[in-house]
Amino acid sequence: MLWLLLCAVYIPLGQTLDNGLALTPPMGWMHWQRFRCLVDCDAYPDECINEKLFRSMADHLAADGYLEAGYEYLIIDDCWASKERDDQGRLQPNATRFPNGIKALADYVHSKGLKFGIYGDYGTKTCAGYPGSHGHLETDAKTFAEWEVDYLKLDGCYADIDELQQGYIEMGRYLNQTGRPIVYSCSWPAYQEPLGIKSNYTVLQETCNLWRNWDDIDDTWSNVTNILKWFSDNQDRIASFSGTSHWNDPDMLIIGNFGLSYEQSKAQMAIWAIMAAPLIMSVDLRTIEPKFRDILLNKEIISINQDPLGVQGRLVSTVKKIDIWTKPILPKDESGATSAAIGFLSNRVDGYPYRLNITLSDLNITAASQYTVKDIFENTTITISPSDEIIVRVKPTGVVLLIATPVSGK
Ligand SMILES: *[C@@H]1O[C@H](CO)[C@@H](O)[C@H](O)[C@H]1NC(C)=O
Ligand SMILES: *[C@@H]1O[C@H](CO)[C@@H](O)[C@H](O)[C@H]1NC(C)=O
Ligand SMILES: *[C@@H]1O[C@H](CO)[C@@H](O)[C@H](O)[C@H]1NC(C)=O
Ligand SMILES: *[C@@H]1O[C@H](CO)[C@@H](O)[C@H](O)[C@H]1NC(C)=O
Ligand SMILES: *[C@@H]1O[C@H](CO)[C@@H](O)[C@H](O)[C@H]1NC(C)=O
Ligand SMILES: *[C@@H]1O[C@H](CO)[C@@H](O)[C@H](O)[C@H]1NC(C)=O
C-alpha cells in the first residue's frame with residue numbers, strides 16, 4: 001500500500017515542459033569530467049577538445065554496446081567555441097580544433113544513430129571564458145537548431161543570480177520557437193542552492209528537462225558522498241519534482257576514471273540509478289577497463305534508472321552507517337503492489353564486509369505476501385516473505401543492490 005500511496009503523491013501537479021523528450025532520465029556521454037578544458041592539441045593530441053575526440057567517442061558509443069544500452073547523447077561541454085563570435089554575431093567553433101564546423105560533427109554523430117548535444121552559458125562568458133549567450137539568446141538558439149543540436153546544457157557562469165531563472169525561461173522559449181525538439185539541461189539551481197537560495201522547482205519543471213541542483217562532481221569518492229548527502233538532506237523538498245520529462249541531476253558518472261575504486265564505482269551506478277539521475281558518463285571510452293564498462297552497461301541497473309514510473313528513490317534509513325535507498329519500480333502484481341530497488345551503501349571504513357540483518361518489513365515493503373529478492377551484482381535470487389530476515393554483506397564504501405519483486409498470486 002505504501003508504494004501505491006507514494007506514486008499517487010508523485011504525480012506532478014503543475015504544468016511541465018512539453019517537448020516530448022527525456023521521458024526517462026537522459027543517458028549519454030559528456031566530455032567535462034574526464035577531458036575538462038584541455039585545448040593544447042600540440043601537447044595532448046589525443047585528449048584535447050577537438051573534432052577528432054568526439055568522432056572517436058561517437059564510434060565507441062555506437063560500437064561498444066553503449067548506444068544499445070541506452071546511452072544515446074554525445075554531449076560537448078565547455079571549450080569548443082572560438083573566443084570571438086563570427087561577423088554576424090553567431091557562435092562559432094574554434095576553427096583549428098573543429099575544422100569542419102559543428103554541423104559536420106553533428107551529422108557524423110547522427111550517422112552513428114546517436115544524438116548530439118552541446119554546451120552554452122546564459123551569462124556573458126562560459127565558465128572557461130568563451131562567449132556567453134547573454135544578449136544573444138535568440139541567435140544562439142537558432143544557431144544550435146541549425147546545427148541540428150538535440151541537447152543543450154546551458155551553464156550559469158558570469159550571470160546575475162537574480163536574473164538567472166527568468167533568463168533560462170527566455171532561452172527555453174527561443175529553443176521552443178526553433179521548432180526543433182532539444183533536451184534542455186539547466187543549471188540555475190547549481191548557482192543558487194550552494195548559496196543557500198532555494199530554487200523554484202515548479203518553474204524548473206515547467207522550463208527544463210533536467211537541471212543540475214548542486215556543486216560539480218570531481219573525480220573523488222568524497223564528491224560522490226557529498227552529493228548524496230545533499231540530495232538526501234533535501235529529498236523531501238526536491239524529489240517529487242523529478243519525473244517523466246523533468247529530472248533532478250546530481251551530475252556525471254565518474255566511473256572508469258582515476259578516483260573511484262571498483263566497489264565505489266558500483267556504488268555510484270547503483271545509487272544514481274535509484275535516484276533516477278541522468279546517466280551521463282564522462283570517461284575515455286577508448287581505454288576504459290572492461291570491469292568498469294560492465295558496470296556502465298549493466299542492463300538491470302539501467303532498467304532501474306529508466307523505470308517508466310519515473311520515481312526518484314530516497315534514502316529511507318541509515319543502519320550502522322549503512323545508508324538504505326529505495327525506489328519503487330515496475331512490475332506491479334495484480335493487486336497493484338510495485339517492485340522495489342533497494343541499495344545498501346556503506347559509509348563504514350572498518351575494512352571488511354559488514355553484515356546487516358534486515359527484513360523487507362523494516363523498509364515498509366509489505367504490500368505483497370511474498371517477494372523474490374535478487375542481488376543484482378551477485379546474481380542470486382531468494383523468495384521470502386516481508387518478515388523473513390535477509391543478510392546483506394556490504395563492503396566498505398561499497399554497495400549491495402537488490403530488486404524485490406512481488407510474487408503474483410500470493
Ligand atoms: C583555437 O584553439 C587554440 C588551442 O588549441 C588556440 O591557441 C587558439 O587561439 C584558438 N582560436 C580561437 C580563434 O579561439
Ligand atoms: C513548444 O511548446 C509547445 C507548448 O508547450 C509544445 O506543444 C511543443 O511541442 C513545443 N515544441 C518544441 C519543438 O519544443
Ligand atoms: C515559484 O514560481 C511560481 C510561478 O512563478 C509561483 O507561483 C510560486 O509561488 C513560486 N514558488 C515559490 C516557493 O516561490
Ligand atoms: C568535489 O571536490 C572538489 C575538490 O576537492 C571540490 O572543490 C568540490 O567542491 C567538490 N564537489 C562536491 C559536490 O563535493
Ligand atoms: C516505515 O513506516 C513507518 C510508519 O509510517 C515510519 O515511521 C518509518 O520511518 C518507515 N521506515 C522506512 C524505512 O521507510
Ligand atoms: C545469473 O544466474 C542465472 C540463474 O542461475 C543464470 O542463468 C545466468 O546465466 C546468470 N547470469 C550471469 C550474468 O551470471
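1. Cys-186 is buried in this predicted model, with a relative accessible area of 0%. Its partner is Cys-208, and the two sulfur atoms of this disulfide are 2.1 Å apart. Cys-208 is likewise buried, at 0% relative accessibility. The torsion about the S-S bond of Cys-186 and Cys-208 is -95°, a left-handed link. The pair connects distant parts of the chain, 22 residues apart: Cys-186 sits in strand E5 (residues 183-186), and Cys-208 in the loop between helix H9 (201-207) and strand E6 (210-212).

2. Cys-127 and Cys-157 form a disulfide with an S to S distance of 2.1 Å. Because the torsion about the S-S bond is about 100°, this disulfide is right-handed. Cys-127 belongs to the loop between strand E3 (115-121) and helix H6 (137-146), and Cys-157 to the loop between strand E4 (151-155) and helix H7 (164-177), so the bond ties together parts that are 30 residues apart in sequence. Cys-127 is partly exposed, with a relative accessible area of 33%, whereas Cys-157, at 16%, is buried; the cut-off for buried is under 20%.

3. The link of Cys-41 and Cys-48 also has its sulfur atoms 2.1 Å apart. With 100° about the S-S bond, the link of Cys-41 and Cys-48 is right-handed. Cys-41 counts as partly exposed at 23% relative accessibility, while Cys-48 counts as buried at 0%.

4. Numbering the bonded cysteines along the chain, the pattern is 1-4, 2-3, 5-6, 7-8.

How values were computed
Residues numbered from 1 in each chain as written. Chains lettered and ligands numbered in written order. Predicted model: local features only at pLDDT ≥ 70, side-chain atom pairs only at ≥ 80, totals over all residues. Heavy atoms only, no water. Disulfide = S-S within 2.5 Å. Buried < 20%, exposed > 50% of the residue type's maximum accessible area, 1.4 Å probe, protein only. Helix = DSSP H or I, 4+ residues; strand = E, 2+ residues; numbered from the N terminus.
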